[in-house]
Amino acid sequence: MTTTPAIVTVAITGNVTTKLENPAVPITISEQIESTQGAFEAGATVAHVHVRNDEGRPCSDPDRFAKLQEGLNKYCPGMIVQFSTGARGGKGTERSASLVHRPEMASLSTGSVNLGKVIYDNQADLVDVISAEILKYDIKPEIEVFDLAHLYNAVDLIKRGLVKEPAHVQFVMGIPGAMPAKESVLDFLLSELKEMLPTATWTAAGTGRFSFTCNKWSLSRGGHVRTGLEDNVMIDKGVLAKNNAELVAKTISFMPEFNRHAASVAESREILGLPPLAKSGLVAVA
Ligand code: ZN
C-alpha cells in the first residue's frame with residue numbers, strides 16, 4: 001500500500017522547559033546539536049530551535065543561533081532549520097535579529113493570547129515588522145496559530161503581501177488560556193483553512209499530554225506532526241523521555257496505522273517548497 005509522507009518537526013528545547021523537568025532538555029549549543037542529530041537520525045527533518053543564555057534562560061542572541069545553525073548543517077545534512085521568533089526570547093525586534101543568518105524557516109506568531117498566566121504578546125505592528133524581515137531574507141514562515149484570530153490575521157498578512165503563499169500553518173493546542181486540544185476545534189480550524197488558504201500545508205501540535213494525541217489527529221487528516229522536549233517531556237504517563245529522538249520515534253510509530261510515513265529530507269523540502277539543497281549550498285541532501 002502506498003503511504004503519504006508526514007513531515008516530523010522536532011522542537012528540541014523551547015523557552016520554558018528546564019532540566020528540572022527533564023535532564024535531557026538540551027540547553028547549551030553542543031547539547032542542542034547532539035540532541036538534534038539523534039532526532040534527525042530517528043526521522044525528524046525540521047528542527048524548531050530556540051537558544052538559551054549562559055544561565056539557561058531564553059534569549060535571542062543571533063550569534064548563538066548562528067552557531068547552532070552551523071552545527072546542525074554539519075551534523076544533520078539537509079535538515080531544515082527553523083528559528084523561533086517567539087515572544088519569550090526577547091523584546092521587540094530583538095526577536096527577529098537572528099534572521100540575518102537566513103535560516104530556511106522561522107516561526108511567526110500572528111497575534112496575542114494568554115498562555116497560562118502570561119500574556120504571549122504579539123502586538124500587530126511588531127507582527128508586521130517580523131513578517132517583513134522573514135520576507136526580506138526569503139525565509140519560509142511557519143505561522144503559529146494559538147487562537148482562532150491568529151488564522152485570520154495570517155490571511156490578512158498574505159493579502160497585504162507580507163507572507164507568501166503557499167503558507168505553512170501550525171495549530172497549537174492544549175495550552176491553558178489558548179485553544180483547547182479538541183478534535184472538533186481542529187476540524188473547524190481545518191475547514192476554515194481549506195476555505196481561506198486552500199494551498200496551505202499544516203501541522204497540529206499539542207502540548208504536554210496532548211502531544212501524542214494531536215500527532216494522531218494530524219496524521220489521520222493529512223497533516224504533519226511535531227514533537228520534542230519543548231512540547232512534552234514525557235514518553236509515557238509518569239515516564240520521562242530519554243531524549244528528543246525517543247519522542248520522534250514514538251510519533252513515527254503511529255504512522256503506519258494512518259498510511260503515512262516519515263517524510264525524507266527530499267520529501268519534506270518538496271512539500272514545503274524549499275530548495276532540494278540546504279541554502280548554505282555546502283551540504284548535499286542524502
Ligand atoms: Zn518554540
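Mentor: Let us begin with helix H7, residues 244-253, which is mostly covered, as seven of its ten residues are buried. Please bear in mind that this is a predicted model.

Trainee: What makes a residue of H7 count as buried, and which residues are they?

Mentor: A residue is buried if 20 or more other C-beta atoms lie within 10 Å of its own. In H7, Asn-244, Ala-245, Leu-247, Val-248, Ala-249, Thr-251 and Ile-252 are buried, so each of them meets that cut-off.

Trainee: Against what do these buried residues of H7 pack?

Mentor: They pack against helices H1 (29-42) and H6 (211-220), and against strands S2 (8-11), S13 (225-227), S14 (234-236) and S16 (260-262).

Trainee: Which residues touch the most other members of the largest nonpolar core?

Mentor: That core has 76 residues, and Val-8, Ala-44, Ala-47, Met-173 and Val-248 touch the most other members. Ala-44, leaving aside its neighbours within four places in sequence, is in contact with Val-8, Thr-9, Val-10, Ala-39 and Val-248.

Trainee: How do you know that Ala-44 and Val-248 are in contact?

Mentor: Two residues are in contact if their C-beta atoms lie within 7 Å. Val-248 is listed among the contacts of Ala-44, so their C-beta atoms lie within 7 Å.

Trainee: Which residues of helix H8 are buried, and why are they said to line one face of the helix?

Mentor: In H8, residues 265-272, the buried residues are Val-265, Ser-268, Arg-269 and Leu-272. Seen down the axis of H8, they fall within an arc of 95°, so they line one face. An α-helix has 3.6 residues a turn, so residues three or four places apart point the same way. The buried residues of H8 pack against strands S3 (46-49), S6 (80-83), S10 (140-145), S11 (168-173) and S12 (201-206).

Trainee: Why does the radius of gyration agree with a compact globule?

Mentor: With 286 residues, a compact globule would have a radius of gyration near 19 Å; the protein chain has 17 Å, which agrees. Buried residues make up 50% of the 286 residues.

Trainee: What is the confidence of the prediction, and where does pLDDT stay under 50?

Mentor: The protein chain averages a pLDDT of 95, and 97% of the residues score at least 70. Over residues 281-286, however, pLDDT stays under 50.

Methods
Residues are numbered from 1 along each chain as its sequence is written. This is a predicted model: local features need pLDDT of at least 70, side-chain atom pairs count only at pLDDT 80 or more; totals for chains, interfaces and linings use all residues. A nonpolar core is a set of buried Ala, Val, Leu, Ile, Met, Phe, Trp, Tyr and Cys residues joined through C-beta atoms within 7 Å. A residue is buried if 20 or more other C-beta atoms lie within 10 Å of its own, exposed if 12 or fewer, and partly exposed in between; C-beta atoms are placed from the backbone. Helices (H or I, at least four residues) and strands (E, at least two) are DSSP runs, numbered from the N terminus. The arc is that of the directions from the helix axis to the C-beta atoms. pLDDT is the predictor's confidence in each residue, from 0 to 100. The radius of gyration is taken over C-alpha atoms; the globule rule is 2.2 Å times the number of residues to the power 0.38.
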